[in-house]
Amino acid sequence: MQGTLKNPVRFSGVGLHSGAQTTLTVYPSPADSGIVFHRMDVARAHRAVPARWDSVISSPLCTRIVNDFEVSISTVEHLMAALVGCGIHNARIDVTAGEVPIMDGSASVFVRAFLNAGIVAQRAPVKALRVLKPVEVRRGDAVARIMPHKTLLIEFDIEFEDQAIGAQSKKLNMSNGSFVRELCSSRTFCRQADVDHMQANGLALGGSPGENAVVFDGDKIVSPGGLRHADEPVRHKMLDALGDLGLAGVPILGHYQGIRAGHALTNDLLRALFADREAFEIVECDPKMLSLLPGAGVHLGELPEVA
Ligand SMILES: [Zn+2]
């Protein structure tokens with residue numbers, strides 16, 4: 001069965017890149033309607049922006065989606081991860097500006113609110129995308145690939161010259177609520193040099209280190225309070241990947257592997273996957289398959305304390 005929220009949920013905060021103060025409200029919506037954003041600050045006929053892989057446009061630091069009227073929404077990835085990770089297939093999301101609020105830099109604020117509001121099953125089967133053969137894309141030394149697997153498995157490798165990040169690798173099966181337990185509280189991160197560069201260019205206006213991003217500088221963690229996990233950066237990259245893969249519009253059954261990958265490369269991967277009709281099939285989930293999807297059986301008790 002597909003899922004949607006039992007009650008609407010509202011969030012307020014600033015966008016990390018735009019600094020815009022935004023109110024975002026997630027409403028229940030009918031089966032088979034998918035995830036659709038609505039920009040409430042533009043003309044009614046131009047508001048709808050579907051959360052889909054083919055709506056993504058190039059943006060260096062986040063995932064940005066746009067409609068036919070050039071109306072866009074930035075930084076959708078953490079909210080998308082929370083929706084996928086909670087088994088919410090259908091939602092209408094009203095936003096009052098062009099960027100999703102960054103909250104604490106993770107997805108845990110969204111997850112907590114969704115689980116508190118409750119998720120209801122809808123009378124419609126879940127269709128999933130089953131990967132049939134490997135698909136791979138590259139940009140420089142970054143790689144993203146997807147391979148056949150019976151559940152969604154996310155594997156990620158990062159390597160940074162800052163010693164406080166260094167090389168990190170992790171692989172997690174997204175079944176059994178592992179997103180809520182293992183990934184959703186991991187915050188976005190950046191390097192002090194990037195913060196300096198962005199601020200010099202008038203970006204990161206909403207970025208207040210320590211409140212909504214972990215800032216690293218060489219062997220130091222600049223943000224007060226330290227890390228939520230010793231390997232928080234790679235966990236956050238996995239969170240991003242889950243959100244970006246959520247733009248497929250249906251749950252994916254496959255093994256995703258990202259090596260130094262980012263939002264743009266994961267979107268390249270979805271485009272390459274959908275371009276190859278022999279690389280996937282759309283299947284209707286039976287009860288066993290449903291029980292292995294990322295949102296199956298999640299509950300508040302599994303949210304990490306720190307969140
Ligand atoms: Zn992120």
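Predicted model: local features only at pLDDT ≥ 70, side-chain atom pairs only at ≥ 80, totals over all residues.
I started with the open sheet: three strands in the order β16-β17-β18, with mixed pairing. I count strands as DSSP runs of E of at least two residues and helices as runs of H or I of at least four, numbered from the N terminus; two strands pair if DSSP finds at least two bridges between them.

Residues are numbered from 1 along each chain as its sequence is written.

Next I looked at β16 with β17 (residues 214–217): they run parallel over three bridges, and Phe189 sits opposite Val214 in β17. Helix α4 (residues 192–200) packs on the sheet and touches β16 and β17 (contact: C-beta atoms, placed from the backbone, within 7 Å). The α4 direction makes about 80 degrees with that of β16 (lines fitted to C-alpha atoms, for helices over the stretch in contact; angles run from 0 to 180 degrees between N-to-C directions).

Then Glu211, in the loop between α4 and β17. Buried or exposed? I get partly exposed, because 17 other C-beta atoms lie within 10 Å (20 or more is buried, 12 or fewer exposed, in between partly exposed; C-beta atoms are placed from the backbone). Its C-alpha is 11 Å from that of Ser106, 105 residues away along the chain.

Last, helix α2 (residues 108–117): Ser108, Val109, Phe110, Val111 and Phe114 are buried. The buried residues of α2 pack against elements including β2 (9–14) and α1 (77–85). Gly118 follows α2 with a positive phi near 95 degrees.

Conventions: Contact = placed C-beta atoms within 7 Å.
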